[in-house]
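Thanks for coming, everyone. I have one structure to walk through today. Please look at it on the screen while I talk.

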Amino acid sequence: MYGYQNISFSNLTKTVSHLNLINKENPEIKVLNSLVNEIINKYLSGCHLNIIYDDLFDTDLYYKDVLQTMLPLLDTVSYKLFHVYKYSSKRTSFSESRCVNYIIFCQDPEITATKFGHAIDSRVFIVTIGSKWQIREFFKSQVSQNIMNLLIASAGPALQEKHKNEVADIKLYTHEMYIDGLGSSTQIILTTWKLNKFTRPEVDLYPVKLVNGFRGHRFILSAIENPPLVFRRYLPACSQLYFLENNFSLFWANVCFDLNVMCVPTIFSLLRVDKDLTQAQSTSWDGVEIRLLQLIAEALHFTLGIHDATFSKSRDEADDQIIGDLVASKADLGISGLYMTNVRYSLVDFSPVILQDCGTFISLGSFALSKYRAIFGPFHWSIWVMVVFTYVVAIFPIAFTNNRNVGTLCKSPKQLESMCCYMFGTYTNLFTFKGVKSWTNTKMGSTRLFIGTYWIFTIIITTAYTSSIIAFITLPEQPVIVDTSYQVVDQGYRVMTLEKGGWQHYLNITNDTMSQMLLSNIKLMNNLEDAIDYIVKTRFILDYAFLGSKISLTYLSQNNFIQKYKNKKIFLHVASECYVPFNIGIAYKKNFVFRNIFSNFILRAQQSGLVTKIIKDIEWEITQKSGVRNPNSIIAPEDRQLALDDVQGMFVLLFGGILLAAFTLLIEFVKRKRENRKIAQNKIEKHLKKRDRSKSLTVRGNTTVEPFRPLTAF
């Protein structure tokens, strides 16, 4: 093996195996293996394990043997082995399960900066042979803050320093994050692995981080106004003075106390500040999402730097500008009522659902109802058709029962006109026709039954009609509203939406028939205010319904917007139908390390009812500020027309009377037929008697009368 002696491959394999066998008997390797197995069994066994190693553990025979000796002992967990330069967290994240832990064997922990990236839910265990200085500098760097659950074992002294009788101790470190407002972190020692056990076994090696919050750290929030979720509130003058007083209260209190002078002129002099500063101080951000984040900020001790989303020509939608800020790491959080869609999930992370929104319609409602409905409105068109048909057809059976012939109607059109007037007369003048040929003078029972049945039918239908007119005129007016998408289509409304609102894209990707009908003739508008103005101004020409966010439209209808037209008969009505549902959440930049901390506070706020309270408070403030009655609290009235199903009883009664009259007509027909037969028989008998009598008189006239002979005596 020495010098220039040729070495065969089989001899080299035996030599390496011999060296490996020797290394397996090294006590420092056994100590490290026992430590790794203890941590895996206690903290990392619940998830899949990725084992990553660098060039030192790949090329150096000694450190390679350390790794190869350890792998056969990991038979209780599923794991994959990666070289650090071949591993890519982005590539493996699609093929791995959500629950993944990591063990990294490296010479310098800084290698995680370029190859490992972020770790939010995962637990990371780094075994390094680096020096204490390297470990300390790694904990102070920004890279360590991207790993929440981090544990580092300093195995350098145990593997490198050779002791005769014992192995050097292995110290275990973690970091304390955000020790100041700048976001700094520092290392803390947890315990030491000595004699195959921990010196402090009660210590949790993955403790809960950020117990004291973020120590005043400032997170950047990208926002766009979307009331009532996010909006700017303009403070009155007294609020500005209160703002200035809060900033300078201690200073002026000391001045007033020391000088013992009146400070009112001095306080008013504070208002003479720069105009830009005054304008900045006179506005503040408010809304449901703002108050929720302020609540979390107070609990976690951080501040918010709110700025408008960066304008980009490549991103037309306002929400996409916020997503662009998060992708470019210009902001940590983003709010503006962002919808949680599959496309956005691939770019950013989201919090749990804060509230639910949906696409719905807002249209113009009116209390000014047209009074022509008082004439035709009470009845549905089907009732009018049936009533007219019933009265017209009734002329013929009544004429037949009275005259036993309908030919008189054709011979005398005037009689047909009289019968029409008779049938359409109300029950008050139903029996006022007293003509010679009037039906009221009929002696037929079937005709009387027909007329009586129609009389009762007329009483019922007339009473229902007059009662409906009285109710329509005297009862309070109910608004005419559109509450569903089917009403929008049936009543001929034209749909409009924002050109850059995204709703047209949301509905174009569906095969729903109703959506295709709504978008067949859609009108695009620049902003919501212009759309509402257009709806109001064109209300006498064409009816429009605006499709948009239900939360935003409800805010607009409550915020005294319609009152500028000075018309108390119209109002904005938001449909109750949730046409396209969406979930709203707070957006985080991708792989935001503190995502789980923020999300847990949001879930606790929801469970405790704080989110609901914030929403109710915002709604109450908006209603009190506008001073307008909420038109959406009006329940859609059941102001419907009488349909044919409602008056079926009348027609059943009429049909029963017709059947009875028909039965009576049959009896009269049989009776009349018998009477006619009897009369005919009587006529025949009389004719026969008359004929017999005349015949007897004729025979008697032709007979010779014998002379009278007196009786003679014999």
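Let's start with strand S6, residues 170-176, which is mostly covered: 5 of its 7 residues are buried. Buried means under 20% relative accessible area, exposed over 50%, partly exposed in between, with a 1.4 Å probe and protein chains only. Helices (H or I, at least four residues) and strands (E, at least two) are DSSP runs, numbered from the N terminus.

A word on the source. This is a predicted model: local features need pLDDT of at least 70, side-chain atom pairs count only at pLDDT 80 or more, and totals for chains, interfaces and linings use all residues. Residues are numbered from 1 along each chain as its sequence is written, and side-chain values use heavy atoms, with hydrogens and water left out.

Back to S6. Which strands pair with S6? Strand S5, residues 147-154, pairs with S6 in the antiparallel sense over 3 bridges. Two strands pair if DSSP finds at least two bridges between them. Ser 154 has Lys 171 in S6 as its bridge partner. Then there is strand S7, residues 186-194, joined to S6 by 7 bridges and running antiparallel. Thr 174 is bridged to Ile 188 in S7.

**The whole chain**

Now zoom out. The protein chain has 28 helices and 21 strands. Of its 714 residues, 41% count as buried. Take the contacts with a separation of 6 or more: residues 24 or more positions apart account for 76% of them. Contact means heavy atoms within 4.5 Å. The accessible surface of the chain comes to about 41700 Å², and 58% of that belongs to carbon and sulfur atoms. Those areas come from the Shrake-Rupley method with a 1.4 Å probe; for residues, only the protein chains shown count as cover.

**The five-stranded sheet**

Next, an open sheet of 5 strands. The order is S12-S9-S13-S21-S14, with mixed pairing. Strands S12 (302-308) and S14 (349-350) stand at the edges, each with a single partner strand, so one side of each is left without a neighbour in the sheet. S14 and strand S21, residues 587-588, run antiparallel and are joined by 2 bridges. There, Asp 349 stands opposite Tyr 588 in S21.

Helix H13, residues 288-300, packs on this sheet. H13 touches strand S9 (217-223), S12 and strand S13 (333-335), and its direction makes about 150° with that of S12. Axes are lines fitted to C-alpha atoms, for helices over the stretch in contact, and angles run from 0 to 180 degrees between N-to-C directions.

Helix H14, residues 318-327, is mostly covered too, with 7 of its 10 residues buried. Among them are Ile 322, Ile 323 and Leu 326. What do the buried residues of H14 pack against? S9, S12, S13, helix H15 (342-345) and S21. Just after H14, Ser 329 takes a positive phi of about 60°.

**Cores and aromatics**

On to the cores. A nonpolar core is a set of buried Ala, Val, Leu, Ile, Met, Phe, Trp, Tyr and Cys residues joined through side-chain atoms within 4.5 Å. The largest has 57 residues, and Phe 214, Leu 292, Phe 302, Phe 594 and Phe 598 touch the most other members. H13 gives the most to this core, with 7 residues. A second, separate core of 40 residues includes Leu 44, Leu 56, Phe 57 and Ile 170.

A search of the whole structure finds 26 aromatic pairs. Rings of Phe, Tyr and Trp (its six-membered ring) pair if their centres lie within 6.5 Å; planes under 30 degrees apart count as stacked, over 60 as edge-to-face and the rest as tilted. The rings of Trp 193 and Phe 198 have centres 4.8 Å apart and planes at 70°, so that pair is edge-to-face. Trp 193 is buried at 4% relative accessibility, and Phe 198 is buried at 13%. For Phe 214 and Phe 219, the ring centres are 5.0 Å apart and the planes at 90°, so this pair is edge-to-face. Phe 214 has a relative accessible area of 0%, and Phe 219 has 2%.

Finally, strand S19, residues 570-574: 5 of its 5 residues are buried. Ile 570, Leu 572 and Val 574 point one way, Phe 571 and His 573 the other. Strand S15, residues 355-366, runs antiparallel to S19, with 5 bridges joining them. Ser 363 has His 573 as its bridge partner.
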